[in-house]
Amino acid sequence: MKIILVTGASRGIGREIAKQLALKGHKVIANYNKSEEKAMELQKENQNIDIYKADVSKREEVKKMVQDIIKKYGKIDVLINNAGIDKWQLFTDITDEDWEEMISNNLNSAFYMSQEVVKDMISRKQGSIINISSIWGITGASCEVAYSVTKAAMDGLTKSLAKELAPSGIRVNSIAPGAIMTDMNKNLTNEEIEEVNEQIPLGKFGKPEDIAKCVNWLIEDEYTTGQVISPNGGWVI
Ligand code: NAP
């Protein structure tokens, strides 16, 4: 049984990761920010899940959450940096505020979380960090420049931190999902979904469960570090 902190676990991929890991018998702390009701439902569903409200784009909130969790559970074995936002817009329309919002929610969050959590992991000489990046960090995406930049940077964080922390017994990996059916894609029309399906060799969007399975494998594995694993239906090979 491991103590696992999942950021952005009130909805979508993070919620499914929390559920599946709790079903495996781990103690899961599901972080959320705005979706309080959904987080409370999740906690009711499984006694292995506790919830914690914090905006992970803010250093002070991250620091307090990590301190509180370590005080209550003694340690954090696995950190899953999943919280994220997306915004589709032309590059020329991106304002400084849009850019900063994307960087702080998708990238600064992983920096703050990892920095606060590894202090304890290093002293125990064990731990695992999983960053949920994106296929767009690998290939780049038109009309999602800011998003793609944060995800590519997240993979850079994964690779460099994996090298720095390997001597301390800590593994760091990215999971870079392809198209997964969650609120993040709720604005797509049926026609647009069909167009995407046609581009994917396996012919369909992935499910949050597909990502949760990959997370579970990475937690059980002991020899993989610094890797970007992309469950994407063959969209990018
Ligand atoms: P989603 O359904 O929109 O859920 C996003 C989650 O992130 C919510 O639980 C939200 O919590 C949380 N969140 C956002 N900002 C936060 C903050 N500042 N502090 C704490 N929590 C925050 O999105 P999703 O599709 O599950 O995406 C999850 C991750 O997978 C993201 O990093 C995304 O970039 C990545 N991803 C998704 C896809 C896809 O096709 N869906 C593909 C590749 C990668 P609240 O609602 O409580 O604020």
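In this report, a residue counts as near a molecule or strand if one of its heavy atoms lies within 4 Å of it. With that rule, 31 residues surround the ligand, and the closest are Ile-13, Ser-35, Asn-82, Tyr-147 and Thr-182.

Some ground rules before going on. What you see is a predicted model, where local features need pLDDT of at least 70 and side-chain atom pairs count only at pLDDT 80 or more, while totals for chains, interfaces and linings use all residues. Residues are numbered from 1 along each chain as its sequence is written, and side-chain values use heavy atoms, with hydrogens and water left out.

**Around the ligand**

Which parts of the fold each supply at least two residues of the shell around the ligand? They are α1 (12–23), β2 (27–32) and α6 (145–165). These labels come from DSSP runs, numbered from the N terminus: helices are H or I runs of at least four residues, and strands are E runs of at least two. By type, the shell has 11 nonpolar, 15 polar and five charged residues.

Now for some polar contacts. A polar contact is a pair of N or O atoms within 3.5 Å; within protein, one must be able to donate a hydrogen and the other to accept it, and residues adjacent in sequence count only if both atoms are side-chain atoms.

| Residue | Atom on the protein side | Distance to a ligand oxygen |
|---|---|---|
| Gly-8 | backbone N or O | 3.2 Å |
| Lys-151 | polar side-chain atom | 2.9 Å |
| Ile-180 | polar backbone atom | 2.9 Å |

Taken alone, the ligand exposes 890 Å², and the protein buries 95% of that. Such areas come from the Shrake-Rupley method with a 1.4 Å probe; for residues, only the protein chains shown count as cover.

**A buried asparagine**

Strand β2 also holds Asn-31. Is Asn-31 buried or exposed? Asn-31 is buried, with a relative accessible area of 2%. The cut-offs are under 20% for buried and over 50% for exposed, with partly exposed in between (1.4 Å probe, protein chains only). The side chain of Asn-31 reaches the backbone oxygen of Ala-54 at 3.1 Å.

**Two positive phi angles**

Most residues other than glycine have a negative phi. Lys-125 isn't a glycine, yet its phi is positive, at about 55°. You'll find Lys-125 in the loop between α4 (96–124) and β5 (127–132), and at 53% relative accessibility this lysine counts as exposed. Cys-143 isn't a glycine either, and its phi is also positive, at about 65°. Cys-143 lies in the loop between α5 (135–139) and α6, and is partly exposed, with a relative accessible area of 32%.

**Sequence versus space**

Next, look at some pairs of residues. Ala-110 belongs to helix α4 and is buried, at 0% relative accessibility. Ala-110 and Val-56 are 54 residues apart in sequence and 8.1 Å apart in space, C-alpha to C-alpha. Glu-60 is in helix α3 (residues 59–73) and is exposed, with a relative accessible area of 58%. From Glu-60 to Tyr-112 there are 52 residues in sequence and 9.1 Å in space, again C-alpha to C-alpha.

Key. Ala, Val, Leu, Ile, Met, Phe, Trp, Tyr, Cys and Pro count as nonpolar, Asp, Glu, Lys and Arg as charged, and the others, Gly among them, as polar.
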